[in-house]
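Keep the sequence and the 3D view open while reading.

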Amino acid sequence: MITQDIFYLGVDDKTIDLFEGQYLVPNGISYNSYLILDEKAAVLDTVDARKTEEYLAKLEQALGGRTPDYLVVHHVEPDHASSIQAVVEKYPSVQLVASAKALQMLPQYFESLDLSGAIAVKDGDVLQLGRHSLTFMAAPMVHWPEVMVSYEPTSKTLFSADGFGKFGALDTQEEWDCEARRYYFNIVGKFGPQVQALLKKAASLQIERICPLHGPILEENLGHYLNLYDIWSRYEPETDGVFIAYASLHGNTAKAAQKLADILKQKGCAQVEMADLARSDMAEALENAFRYSKVVLAASSYNGGVMPFMEDLLHHLAAKNYQKRRVGLVENGSFGPCANRTMQQLLSGMKEIDLVEPAVTIRGAVKESDIPALEALADALLA
């Protein structure tokens with residue numbers, strides 16, 4: 001129970017290994033659904049088909065013999081919508097409530113779903129439930145085009161769709177910021193302007209509770225979460241520090257990266273984080289590239305270009321609209337070093353990237369003669 005009339009119906013999924021077929025979720029994921037019981041009963045979203053049976057049992061118990069009047073669909077993505085058909089079959093009189101775009105998209109997933117009685121809502125529309133109501137706000141591309149969020153004024157609750165979500169099942173004891181940040185930048189991160197537009201709409205509301213479609217309900221210190229979303233969606237650094245991502249062929253580039261990290265710490269940089277791209281979670285490396293104010297990319301030259309793991313990271317960053325960062329480069333090449341040139345080319349399509357000089361070239365093992373160049377790069381990064 002969230003309030004006297006609002007109930008949580010979600011389920012944890014701790015058997016899933018990859019969310020969206022690509023993101024590691026060692027602590028699982030939650031699929032959140034909600035129920036408002038008033039003169040009218042409204043179900044808000046469903047859950048992934050992996051958990052339909054468990055979900056229907058929870059829904060029946062929460063309804064206590066009632067039949068839902070409405071099924072509100074904030075987001076059509078299957079992890080939230082793939083149990084819609086099962087709910088409609090169990091409660092044939094329920095009316096679907098969704099954006100016009102969502103109603104257009106639903107037949108892509110449910111060929112036989114009857115939408116003749118569905119209610120299409122748009123920005124500013126209100127669904128009256130009795131003492132409670134839902135005011136809808138369009139949130140296109142946060143992170144699909146059909147997305148709506150809704151605000152319930154009696155309880156001052158924002159139902160935020162995928163906004164303010166995080167990886168991890170609800171019984172996981174972990175810091176919200178880290179897994180919410182990894183979730184945001186990998187899933188929503190490309191669409192910063194659209195998130196900013198939604199935050200501007202939400203700024204006029206009195207919000208005491210945020211109910212996302214993944215992760216915990218947020219009821220305390222809401223300013224912290226709203227501030228992080230503002231920083232993230234403006235592509236501003238969250239942490240003043242240096243993130244060093246490296247891709248090393250025989251271990252010498254890794255040693256150069258470690259030496260640079262040691263130099264940065266000696267020069268007073270308190271926040272230095274490293275990632276071996278061959279062994280680290282790529283989604284976490286991307287998260288940290290967005291988190292820190294300065295990034296160093298260190299890579300071996302390879303096949304006339306750069307190590308594939310580094311190329312992969314740069315392609316991921318470009319796809320997520322990476323920008324507004326100071327970036328230093330370190331390459332290694334025993335003959336014909338070309339990693340820096342390749343990394344520069346990949347970075348050239350990104351906005352407001354300040355390439356720090358000097359770009360460092362290591363040939364083979366790190367030698368005493370290489371230290372001055374690494375020192376100079378550290379000084380330039382910290383200037």
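A residue counts as buried when its relative accessible area is under 20%. Tyr-246 has 14% relative accessibility, so Tyr-246 is buried. The model is predicted, and the values here are computed from it.

Tyr-246 is found in strand β16. Which residues does Tyr-246 touch, not counting residues up to four places away in sequence? The list is Ala-254, Ala-257, Met-274, Ala-275, Asp-276, Leu-277, Ala-298 and Met-310. Val-330 is 84 residues from Tyr-246 along the chain, yet their C-alpha atoms are separated by 8.9 Å.

## The overall fold

The protein has 383 residues, and 57% of them count as buried. Its secondary structure comprises 12 helices and 22 strands. Along the principal axes, the C-alpha atoms fill a box of roughly 80 × 40 × 35 Å.

## Where α5 meets α7

Helix α5 covers residues 176-188, and helix α7 covers residues 222-233. Their axes come within 12 Å and cross at roughly 35 degrees. The crossing of α5 past α7 is right-handed. On the α5 side, the contact is made by Trp-176, Asp-177, Ala-180, Arg-181, Tyr-184 and Phe-185. On the α7 side, His-224, Tyr-225, Leu-228, Tyr-229, Trp-232 and Ser-233 take part.

## Aromatic pairs between the helices

A pair of aromatic rings is described by the distance of the centres and the angle of the planes. The count for this structure comes to 17 aromatic pairs. In one of them, the rings of Trp-176 and Trp-232 have centres 6.3 Å apart and planes at 10 degrees, so this pair is stacked. Trp-176 is in α5 and Trp-232 in α7, so the pair links parts of the chain 56 residues apart. Trp-176 counts as buried at 8% relative accessibility. Trp-232 also counts as buried, at 0%.

Tyr-184 and Tyr-229 form an edge-to-face pair, with 5.1 Å centre to centre and 70 degrees between the planes. Tyr-184 lies in α5 and Tyr-229 in α7, so this pair ties together parts that are 45 residues apart in sequence. Both tyrosines are buried. Which aromatic cluster holds these residues? Its members are Phe-164, Trp-176, Tyr-184, Phe-185, Tyr-225, Tyr-229, Trp-232, Tyr-235, Phe-290 and Tyr-322.

## Lys-320, buried without a salt bridge

Lys-320 lies in the loop between α10 (308-319) and β20 (323-332). Lys-320 is buried yet has no salt bridge. How far away is the nearest side chain of opposite charge? That side chain is Glu-20, 6.9 Å away. A salt bridge needs a side-chain nitrogen of Lys or Arg within 4 Å of a carboxyl oxygen of Asp or Glu.

Lys-320 touches Tyr-23, Phe-185, Asn-186, Gly-189, Lys-190, Tyr-235, Leu-286 and Phe-290, not counting residues up to four places away in sequence. Among these, Phe-185, Tyr-235 and Phe-290 are also members of the aromatic cluster.

## Salt bridges

A search of the whole structure finds 22 salt bridges. One of them joins Asp-240 to Lys-294, with the closest N and O atoms 2.9 Å apart. This pair links distant parts of the chain: Asp-240 sits in strand β16 (residues 239-247) and Lys-294 in strand β18 (residues 292-302), 54 residues apart. Lys-294 is buried, with a relative accessible area of 12%.

Glu-54 and Lys-51 form another salt bridge, their closest N and O atoms being 3.7 Å apart. Glu-54 is partly exposed at 38% relative accessibility, whereas Lys-51 is buried at 18%. Asp-370 and Lys-367 meet in a salt bridge at 4.0 Å, N to O. Here Asp-370 is buried at 10% relative accessibility, and Lys-367 is partly exposed at 39%. Salt bridges also link Asp-230, Arg-234, Glu-236 and Lys-324 in a network.

Terms used:
Residues numbered from 1 in each chain as written. Heavy atoms only, no water. Helix = DSSP H or I, 4+ residues; strand = E, 2+ residues; numbered from the N terminus. Buried < 20%, exposed > 50% of the residue type's maximum accessible area, 1.4 Å probe, protein only. Lys, Arg positive; Asp, Glu negative; His and termini not counted. Contact = heavy atoms within 4.5 Å. Phe/Tyr/Trp six-rings, centres within 6.5 Å; stacked < 30°, edge-to-face > 60°. Axes fitted to C-alpha atoms, helices over the stretch in contact; angles between N-to-C directions. Left-handed = near helix turned anticlockwise from the far one by under 90°.
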